[in-house]
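Let me put the model up, and then I'll walk through a few spots in it.

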Amino acid sequence: MWGTLGIAEQTPLTTPWASPLGRQPIGWYGPAGTAHGAIQHKVVGMAGEVERKMGNSNQNNGEGVGQRPNNPTTKPRAGGEEIPNKPPQAIDEETKKILEEVRSRVMSKLGEIDNVFNRVIEDLTRFKYHLVSLAEKYAENADNIKAFTETVEEIVQYVDRVKQWYKDKVYSEVIRLFKSFRDVEIRIRKKGITIRGRYVTISASKAGRTDGGITVKFIIKGIGSINVNALPLIPEPIRMSIQVGLMNTDGYIDKRGNRPCMKTSHLWQVILWLLAFPGKTTVRIELHVNKKEVKVAWTLRSLNYAFKMKPQPQDTLDPLLTIFAAILGDGTITKPRKLRVSFATSKETLWKELLEGWHKRSIRKLTVADVYTSYAVEVLKRIYHDVAIKSQILLDILSILAMLNDAEKIRRFFMGLETRFKKPKYSIILCGKKFTVILDGGYLRLECEIKPDEEARIIECLRAKGIVARAKGKRSRIVTVSSSEVRRMVKMDEKLRESITAVLCKRYYDTTDEKKRQAIRRYLMELAPIEGAAAAIY
């Protein structure tokens with residue numbers, strides 16, 4: 001159920017654990033109402049001896065209150081039936097390695113966690129300060145802007161409470177858990193382990209990792225989640241287009257209640273989600289301890305929306321905004337300028353029309369669609385102008401979010417707008433495109449980088465001129481006219497010969513490399529004897 005995945009809500013020790021969906025008892029092994037008398041595994045040392053112990057454990061999800069039936073051979077099942085307990089688990093070498101790696105990573109990063117909470121609080125406070133300044137610019141939306149800042153303040157206070165709870169309860173318990181694995185509850189899973197304490201559950205898993213590493217999570221118990229209410233700041237058609245992009249990348253549908261949800265470790269994505277899904281939202285945080293850093297991970301669940309299935313990309317009202325939301329959700333903006341959208345291979349047909357002209361390739365069960373260089377910058381500019389025309393306040397909020405510590409992707413979006421590509425210095429015009437004259441290893445060829453949707457037109461245009469060309473490249477498409485084809489064409493096309501001769505003369509006078517000069521001189525003697533002779537005299 002929803003409550004079992006994150007931070008448990010603080011409740012009196014004599015009452016069952018409560019979730020945001022209602023007060024329901026949580027069993028040891030699974031969802032509400034199952035296996036309250038479940039088994040506790042006790043791992044003794046690192047030698048691998050496992051004992052089965054029935055003890056004082058909880059009806060309150062690990063908080064040590066309530067007696068379990070003192071029967072070492074059976075456990076209760078629904079209807080009062082008793083079933084035999086499972087045999088003890090043995091710890092293999094792989095599990096020992098995971099335990100040691102988790103201990104090493106957690107202990108090395110434990111001192112950073114307080115600063116991680118502080119950075120989140122500082123970022124939210126900075127965002128709140130700049131957001132309220134927009135109230136004067138957008139007077140018609142001033143009340144909602146101020147209400148949104150109050151929502152942000154509620155999240156700030158929540159993060160501060162979790163931080164204090166961590167300092168008071170969790171920190172000392174983690175030290176105790178990793179001081180020695182004796183008397184520590186460890187549950188061995190297929191691809192990881194779970195270490196259970198009273199105030200924290202530490203989960204380590206290899207599931208979903210392709211690099212052989214592990215994901216370590218701190219699920220903090222006893223502090224709960226919060227419900228916030230965010231008022232709408234952007235028009236509904238814009239919200240719906242962003243919802244399509246987010247739900248088809250990082251978002252998912254909660255099976256209980258069909259509520260849209262998202263998990264993220266980026267604070268700016270939390271704000272973007274609240275903009276796309278205004279209304280009541282459940283917010284819960286946990287910690288992810290990576291090799292390089294510790295991150296606050298957020299789980300968001302919108303209570304005012306319900307989807308039986310994810311909205312389809314082809315049904316979007318604004319394709320550019322949906323692509324932008326998909327990039328912000330589970331895509332990348334990198335240097336040199338590249339845009340990427342990732343989605344499940346099974347959903348490729350849904351994105352086909354929206355991402356027409358993008359280079360697509362499959363990686364396991366994932367399909368990635370990329371665009372590069374000048375075409376990528378053009379897409380960014382089209383997105384920028386689309387947002388500026390339809391929702392200027394969204395553009396202003398994005399510029400505020402770009403100031404947050406973890407908002408590198410948004411900063412790259414704005415930096416990409418300023419990218420300028422140098423025009424080829426040594427180029428000629430063919431079919432309205434600039435073809436660079438390249439002299440490599442004594443061979444001369446023509447090359448032009450094109451957009452994916454231009455390939456067929458350019459190839460056909462060159463063919464009409466009698467020029468045989470081919471396109472190559474998996475990432476960016478390059479149309480190439482080979483050296484032998486250039487030699488053939490300059491004998492038939494006087495204008496082409498003059499254009500290439502002029503470029504070679506310019507290259508000859510610009511270069512200081514004698515080997516390159518000799519190669520250029522040979523071509524000039526062939527193409528234009530007069531210019532070649534002048535170069536030889538020079």
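So, start with His130: its relative accessibility is 25%, so this residue counts as partly exposed, where buried means under 20% relative accessible area, exposed over 50%, and partly exposed in between, with a 1.4 Å probe and protein chains only. Before I go on, this is a predicted model: local features need pLDDT of at least 70, side-chain atom pairs count only at pLDDT 80 or more, and totals for chains, interfaces and linings use all residues. Residues are numbered from 1 along each chain as its sequence is written, and side-chain values use heavy atoms, with hydrogens and water left out.

Back to His130, which sits in helix 2, residues 113-132; helices here are DSSP runs of H or I with at least four residues, strands are E runs of at least two, and both are numbered from the N terminus. What does His130 touch, leaving aside neighbours within four places in sequence? Ile400 and Met403, with contact meaning heavy atoms within 4.5 Å. Ile400 is 270 residues away along the chain, yet the two C-alpha atoms are separated by 6.8 Å.

Next, helix packing. You describe two packed helices by the angle between their axes and the distance between the axes. Helix 5 (residues 236-247) packs on helix 7 (residues 319-330) at about 45°, axes 7 Å apart. The axes are lines fitted to C-alpha atoms, for helices over the stretch in contact, and angles run from 0 to 180 degrees between N-to-C directions. Helix 5 and helix 7 are therefore oblique to each other; under 35 degrees would be roughly parallel, over 145 roughly antiparallel, 65 to 115 roughly perpendicular, and the rest is oblique. Among the residues meeting there are Ile238 and Leu246 from helix 5, and Leu321 and Ala325 from helix 7. By class, that contact has seven nonpolar, four polar and no charged residues. For the classes, Ala, Val, Leu, Ile, Met, Phe, Trp, Tyr, Cys and Pro are nonpolar, Asp, Glu, Lys and Arg charged, and the others, Gly among them, polar.

Helix 7 also meets helix 11 (residues 408-417), where the axes come within 9 Å and cross at roughly 140°. So that pair is oblique too. Phe324, Ile327, Leu328 and Gly329 of helix 7 meet Lys409, Ile410 and Phe413 of helix 11. The class count here is five nonpolar, one polar and one charged.

Last stop, helix 13 (residues 483-490), with Ser483, Glu485, Val486, Met489 and Val490 buried. What covers them includes strand 22, strand 24, helix 14 and helix 15.
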